[in-house]
Amino acid sequence: MAFGDYQSEIYLRGLAGDLPVLPMTYAGLEAKASAAMAPSVWSFVAGGAGDEFTQRGNVSAFERWGLIPRMFVGAKERDLSIEVFGMKLASPVFMAPIGVLGICAQDGHGDLATAGAAAATGVPMVASVFAADPLEDVAVEFGDTPGFFQLYVPKDRELAASLVKRAEVAGYKAIVVALDQPVTGWRPRDLAAAYSLPLRGHSLANYTSDPVFRAALAQPPEQDLRTVVLHWSQVWSNPLNWDDLPWLRSLSDLPLIVKGICHPDDARRAKDGGVDGIYCSNHGGRHANGGLPALDCLPAVVEAADGLPVLFDSGIRSGADIVKALAMGATAVGIGRPYVYGLALGGADGVVHVLRSLLAEVDLIMAVDGYPSVGNFIAEALQRVG
Ligand code: FNR
């Protein structure tokens with residue numbers, strides 16, 4: 001079945017008077033989710049750093065580029081599949097790590113629901129270390145879809161090694177190390193609500209289930225949340241430097257992907273240090289305001305990566321955005337906030353709806369614009385607007 005067939009399904013159901021329950025646009029998803037979610041959780045997801053200049057820039061950057069259609073191509077069937085890290089994926093799309101999925105779902109188990117959506121769609125989930133359910137339970141829900149594990153590197157190296165080992169044993173197919181949140185950035189919306197997710201004990205299941213983390217506590221985490229939160233706040237993040245990369249590399253034979261790379265020199269140095277993939281992202285503008293849109297950083301990072309796979313996220317709101325990021329050289333494109341809103345509105349089904357909508361739009365743009373396969377998104381397909 002082609003991804004674009006989601007469109008026919010919707011029109012056909014409409015003949016029986018059946019209209020989509022979930023919104024068909026990002027703006028619609030955002031508006032409906034804002035009404036459905038608890039205000040502090042909504043602000044945590046929707047908000048970003050400072051006055052959100054970077055966050056807005058991530059999105060508006062896509063409006064500065066337009067795609068040029070090609071005719072007489074006969075793109076009757078489109079091939080969206082890619083091969084990356086030795087895996088064949090059905091599409092060049094994945095779900096970016098989001099450390100608040102648990103409480104975004106009505107039942108408090110949004111990490112499991114998202115993993116279920118990965119199984120249903122073939123779209124891999126990058127599971128954050130911040131999760132309401134342990135990474136082993138999340139992995140069980142992946143079905144045949146590969147899953148990746150994202151780590152913030154803790155100060156305690158033994159804890160880092162334990163988390164990575166657990167991910168390996170649970171069957172994750174790659175380790176994504178997020179380098180771009182050594183501390184939590186200045187976030188006025190969360191500050192106004194004095195709302196810190198981890199300090200309230202949310203999303204810490206991977207820590208409280210970890211033998212190394214548990215061994216450092218005076219009593220079992222189930223008995224004393226304050227001690228858990230205190231210990232967690234002391235160990236969760238270690239701002240790394242280049243000297244740490246060989247150690248990081250040595251933790252696992254799984255593909256190692258470094259997230260948060262926006263400068264070509266960093267991409268080059270990470271490649272020299274033996275990473276398997278570069279993840280160009282500014283974390284959706286959540287931690288440092290005043291930055292360039294992530295899309296503007298992508299071409300130079302791709303060039304510096306020199307053939308290494310480049311994952312990209314920050315600002316993807318539509319299928320057209322996905323196509324543009326691919327045309328700029330991304331190997332695979334990460335969806336962030338849009339799927340969280342789908343989760344909040346409809347659990348696993350809501351995430352599936354968002355992913356299928358995005359992929360259908362990609363597929364139909366390829367059909368209309370004459371790009372028969374993902375490999376055909378060459379930079380010449382794009383032109384700066386104005
Ligand atoms: C994130 N992101 C993130 N990244 C990461 O490496 N680990 C994490 O735990 C989280 N948590 C998280 C929570 C929330 C609420 C958001 C919105 C984002 C960043 C995420 O992976 C991705 O980089 C951004 O979401 C991309 O920006 P957009 O497209 O969502 O605006």
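Residues are numbered from 1 along each chain as its sequence is written. In this predicted model, local features need pLDDT of at least 70, side-chain atom pairs count only at pLDDT 80 or more, and side-chain values use heavy atoms, without hydrogens or water.

**Exercise 1.** Determine how many residues surround the ligand, and of which classes.

*Solution.* Step 2: 23 residues surround the ligand, and Pro97, Ser128, Asp313, Arg317 and Arg337 are the closest. Step 3: the shell comprises nine nonpolar, nine polar and five charged residues, with Gly placed among the polar ones.

**Exercise 2.** Identify polar contacts (N or O atoms within 3.5 Å) of the ligand.

*Solution.* Step 1: a polar side-chain atom of arginine 337 lies 2.6 Å from a ligand oxygen atom. Step 2: a polar side-chain atom of glutamine 150 lies 2.8 Å from a ligand nitrogen atom.

**Exercise 3.** Describe the salt bridge of arginine 356.

*Solution.* Step 1: a salt bridge requires a side-chain nitrogen of Lys or Arg within 4 Å of a carboxyl oxygen of Asp or Glu; the count is 14. Step 2: arginine 356 pairs with glutamate 9, their closest N and O atoms being 2.7 Å apart.

Terms used:
Near = heavy atom within 4 Å. Polar contact = N/O pair within 3.5 Å; in protein donor to acceptor, adjacent residues only side chain to side chain.
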